[in-house]
Amino acid sequence: MRRVSVFLLIPLFLFILFAETAKANEVTDWYEIMLRASLVGGATPLAMTRNSAIVQASVFDAVNGIERRYPPIHVPATGPAGASQRAAAVQAAYVALVKLYPTQLTTFDARRTISLTSISASESSVSVAAGIAWGDSVANQIWDWRLTDGIGTTTPAWTGNTAIGQWRPTPNSPYAGTSANGAGYPQFVFMVPWVMASPSSFRPGPPPALGSALYARDFNEVKSKGSFSSSTRTTDETSAAYFWNSATASYLWGNVAISLMEVGRDKDGEGDHNGKSQRPSSVLENARLLGQLSVAMADAAIGCWDAKYTYNYWRPITAIRETGDDGNAATTSDPAWSPLFATPAHPEYPSGHSCVSGAASTILANEFGDKTRFNMDSDVLPGVTRSFRSFSEALEDVKDARIFAGIHFRTATDVGTSIGASAGRAVLQNAFTPVH
């Protein structure tokens, strides 16, 4: 159903792409173009974290390389003095997107022409040309670097095993693997991180023992709330499950970032609605925030996959159907049980969505304040809006949604958000900090 819905919405996305005008500046414009390109291109949630980081690292290093206020992500900040930051941002995003989604070249070409025409109306041709050349160079260097990050690693097909408590292919998975390397992208386990020291930097302890009270709590909660025919799940809880599954975490949190960037920084410099002092909106500062957001989510995903394949924990559908010999008197099997959603084709612990959302909320709370109120919309669910009084509240909604969908245990979501928060803090502490 989701693929059909996306296909039908493609003409609408393309219309909006050409019709909308610039809101903040070229950085945010091209970030939105990236989000729509990923939706049209059918990028999986995990692939989207890497794709977004590639685009935003390119944009940040291109813009920062000219102004030289922060350490670069990868490319030394040696951009030409006087080069157009706006043109550099456009070209860097364009080059990265063409490499990631080559079938959308015509769309990117048209949007690039619009952006550069607008820039040329207010900046010299020499400055614009220098910015284009620099942005092109930076994006190609970022691309070449990430080609060696492990994405092309050939790993044996991951089929899990049938031992009690261990993951094995689930009977209602919507896909068998989504990659040439077997189920659930096991090559992400070995991927080179963006900021954190190694994929295992924030590896958690093991999931709950099958005989424990914690496991029984998790088991019985998802068995009741996550069942396809649940009588205990409310209408709002069902809506939350569908909302958070309607698009990638990168897409949903990215849209929140854009909306808050447009309204969260006031024009007089007196501070925003949270009382926090806000720096003026600029090409570089927008590139910095979106770079932080994308890189943190990418590292959170890598850390999550390290844990998933370290512990190879089974999914609720397997546990509930085959738990007769788990040694826990507080759990009862149900061979006919089915979750609300089809189960992803990779190990359960920890929750990937929770990891990535934990990173996103950490970055955005640092920028705007945790108590920021905001709404979330999804282009795939027109008319559906979820409102939150804080990033913490939204994060709890994410966690609940994975349980209501019947695809995760509570502990996996708790641990996932912790991994994401650690990845986010690592980015805030170790990258994007002023040089002087």
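Q: Where is R410 in this model?
A: R410 sits in helix 14, which covers residues 410-430. Keep in mind that the model is predicted.

Q: Is R410 buried or exposed?
A: R410 is buried. Its relative accessible area is 13%, and the cut-off for buried is under 20%.

Q: Which side chains does R410 join through a polar contact?
A: One is E221, with a polar contact of 2.7 Å between the side chains. Another is D400, and that side-chain contact is also given as 2.7 Å.

Q: What else is R410 in contact with?
A: Leave aside neighbours within four places in sequence. Then R410 is in contact with R217, D218, E221, K399, D400 and I403.

Q: Let's zoom out. How many helices and strands does the chain have?
A: There are 14 helices and two strands.

Q: And how much of the chain counts as buried?
A: Of its 436 residues, 58% count as buried.

Q: What share of the contacts comes from residues 24 or more positions apart?
A: The share is 79%, taken over contacts in the chain with a separation of 6 or more.

Q: Which residues touch the most other members of the largest nonpolar core?
A: W194, W244, W253, L293, F374 and F391 do. That core has 118 residues.

Q: Which helix gives the most to this core?
A: Helix 10, residues 283-311, gives the most, with 17 residues.

Q: At what angle do the axes of helix 9 and helix 12 cross?
A: They cross at roughly 10° and come within 10 Å. Helix 9 spans residues 249-263 and helix 12 spans 352-368. The two helices are therefore roughly parallel to each other.

Q: What about helix 2 and helix 5, at what angle do their axes cross?
A: The axes of helix 2 (residues 26-40) and helix 5 (residues 105-120) cross at roughly 175° and come within 12 Å. That makes helix 2 roughly antiparallel to helix 5, because angles over 145 degrees count that way.

Q: Which residues meet there, between helix 2 and helix 5?
A: E26, D29, W30, I33 and A37 in helix 2 meet F108, R111, R112, S115 and I119 in helix 5. By class, this contact has five nonpolar, one polar and four charged residues.

Q: Tell me about W30. Buried or exposed?
A: W30 is buried, with a relative accessible area of 1%.

Q: What does W30 touch?
A: Not counting residues up to four places away in sequence, W30 touches V90, A93, Y94, L97, F108, R111, R112 and S115. W30 and V90 are 60 residues apart in sequence, yet 6.9 Å apart in space, C-alpha to C-alpha.

Q: New topic, loops. Where is T44?
A: T44 is in the loop between helix 2 and helix 3. T44 is partly exposed, at 21% relative accessible area.

Q: What is T44 in contact with?
A: Beyond neighbours within four places in sequence, T44 is in contact with Y185 and T248.

Q: Where are R68 and N312, and are they buried or partly exposed?
A: R68 is in the loop between helix 3 and helix 4, and R68 counts as partly exposed at 43% relative accessibility. N312 is in the loop between helix 10 and helix 11, and N312 counts as buried at 4%.

Key:
Residues are numbered from 1 along each chain as its sequence is written. This is a predicted model: local features need pLDDT of at least 70, side-chain atom pairs count only at pLDDT 80 or more; totals for chains, interfaces and linings use all residues. Side-chain values use heavy atoms; hydrogens and water are left out. Axes are lines fitted to C-alpha atoms, for helices over the stretch in contact, and angles run from 0 to 180 degrees between N-to-C directions. Helices (H or I, at least four residues) and strands (E, at least two) are DSSP runs, numbered from the N terminus. Angles under 35 degrees count as roughly parallel, over 145 as roughly antiparallel, 65 to 115 as roughly perpendicular and the rest as oblique. Contact means heavy atoms within 4.5 Å. Ala, Val, Leu, Ile, Met, Phe, Trp, Tyr, Cys and Pro count as nonpolar, Asp, Glu, Lys and Arg as charged, and the others, Gly among them, as polar. Buried means under 20% relative accessible area, exposed over 50%, partly exposed in between (1.4 Å probe, protein chains only). A polar contact is a pair of N or O atoms within 3.5 Å; within protein, one must be able to donate a hydrogen and the other to accept it, and residues adjacent in sequence count only if both atoms are side-chain atoms. A nonpolar core is a set of buried Ala, Val, Leu, Ile, Met, Phe, Trp, Tyr and Cys residues joined through side-chain atoms within 4.5 Å.
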